[in-house]
Amino acid sequence: MKKNCLILVLFVLAIFLTNCSNKSDEYIDPRGTDYAGSESCIQCHQQQYESTLHTSHFKATSPPTKENILGHFTNGKNTFVYGKDIKIVMEERHDSLYQVLYKNGKEVEAYPFDVVFGTKHAQTGTYWKNHYPYELPISYYKSIHSWATSPGYSATNPNFERKIDKECFACHSSNIGSRYITTSSDSITFLTMDVEDFMDKKTLVYGIDCERCHGPAKKHVQTHLKFPDLKQAQNIVSFKNLNRQQKLDACALCHSGNDQAKLKSRFQYKPGESLNSYFRAYPGTKDSTNFDVHGNQLGLLSQSKCFKQSQKMDCMSCHNPHQDSSQNIATYSKICMSCHQVTKHTPATLKTISKSLLANNCVECHMPKQDSKAISFQQSNTAAVTSYSLRTHKIGIYANIKKK
């Protein structure tokens, strides 16, 4: 009896281990055979995986489900007015979501949400046409809890013809490949590709996934499933083993602005590599006074005394990449106070704000929200232009701080 039970246990264990291995072995990733897919990570890193699922990095691009799209599709909250007889209405049709253009009360065009970009502060939709993605003209902004013009779009003329560059996906997704068009002539088949680089939506890997930051994981998964007693990570990039510059480069790939000449696509980058192989500064563009709060967080941080005087400070000193940024600013104050135990405030400041309140509001005063120079929007053709505000990463002393 005991022998039969032992055989049964071994049989069940063999099936379990086989299924674990198959999860990565059978998966075919559009990036290549070196990749295992993020779902394979849950087998050993369940806590990190489940936490990461809810981050704005992981949701940098998402499928257009009702759960993923932030905006309203109900009457009274789903209309953008361009003029007396022109409007775009966000509508649900047959389990799909659309932006529908009406002129003089009649439907003119309807475009579906095929991919959505962003989730933390705002969200923009895109649709596919002839192997190209196009940006939808109306976006949703959390700051106003409403629809408004997508960045750079007119509030008087609807436009559905702005193509999205592949490099936009390079910072908002983990992969999108080129689409090769097959043509035939008699018995000969040709593979051709448009100069502008067609994109194949079937190769899109949504969001910034585990392997985008840790590199291809197929060998890592196979090794640790085969040898579960291994304590040191094999065949994977572990950030604790990277030096400061390597850690900064991994974030700078998408958080250092667009003021450099691209040598290679961001999609080719592997963590641990130097960004010098991917970008080079344009001649004569050393002006660092106009870094925008939207796209160049590292550039702003690099101007800070805290960063300049530290040998260890990097992005992960304040941010956990497996979690979204905390909305509780007191959380960041504790990080600040770990280095600034003795605070020195002017008598004028101490007169207006108590010491206890100052201790919990470091970033509110020293990293205030500022208007982006690159992004603004309107809620209708008659509405005022609204600024898109984000917290600056340049740590400093600011006068006349405007609360936002």
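Predicted model: local features only at pLDDT ≥ 70, side-chain atom pairs only at ≥ 80, totals over all residues.
Residues are numbered from 1 along each chain as its sequence is written, and side-chain values use heavy atoms, with hydrogens and water left out.

The sheet is open and contains 4 strands in the order 2-3-4-5, with antiparallel pairing. Strands are DSSP runs of E with at least two residues, numbered from the N terminus, and two of them pair if DSSP finds at least two bridges between them. Strand 2 (79-83) and strand 5 (106-112) are the edge strands, each pairing on one side only. Strand 2 is joined to strand 3 (residues 86-93) by 4 bridges, and the two run antiparallel. Within this pairing, F80 stands opposite I88 of strand 3.

Turning to the rings, the structure holds 14 aromatic pairs (rings of Phe, Tyr and Trp, the last by its six-membered ring, with centres within 6.5 Å; planes under 30 degrees apart count as stacked, over 60 as edge-to-face and the rest as tilted). The ring centres of Y127 and Y134 lie 5.4 Å apart with their planes at 20°, so this pair is stacked. Y127 is buried, at a relative accessible area of 2%, and Y134 is likewise buried, at 7% (buried means under 20% relative accessible area, with a 1.4 Å probe and protein chains only). One aromatic cluster is formed by F73, F113, Y140 and W147.

Charges also sit over rings (NZ of Lys or CZ of Arg within 6 Å of the ring centre and within 35 degrees of the ring normal). K129 lies over the face of Y134, at 5.0 Å from the ring centre, and R244 lies over the face of F307, at 4.3 Å from the ring centre.

Notes
Buried < 20%, exposed > 50% of the residue type's maximum accessible area, 1.4 Å probe, protein only.
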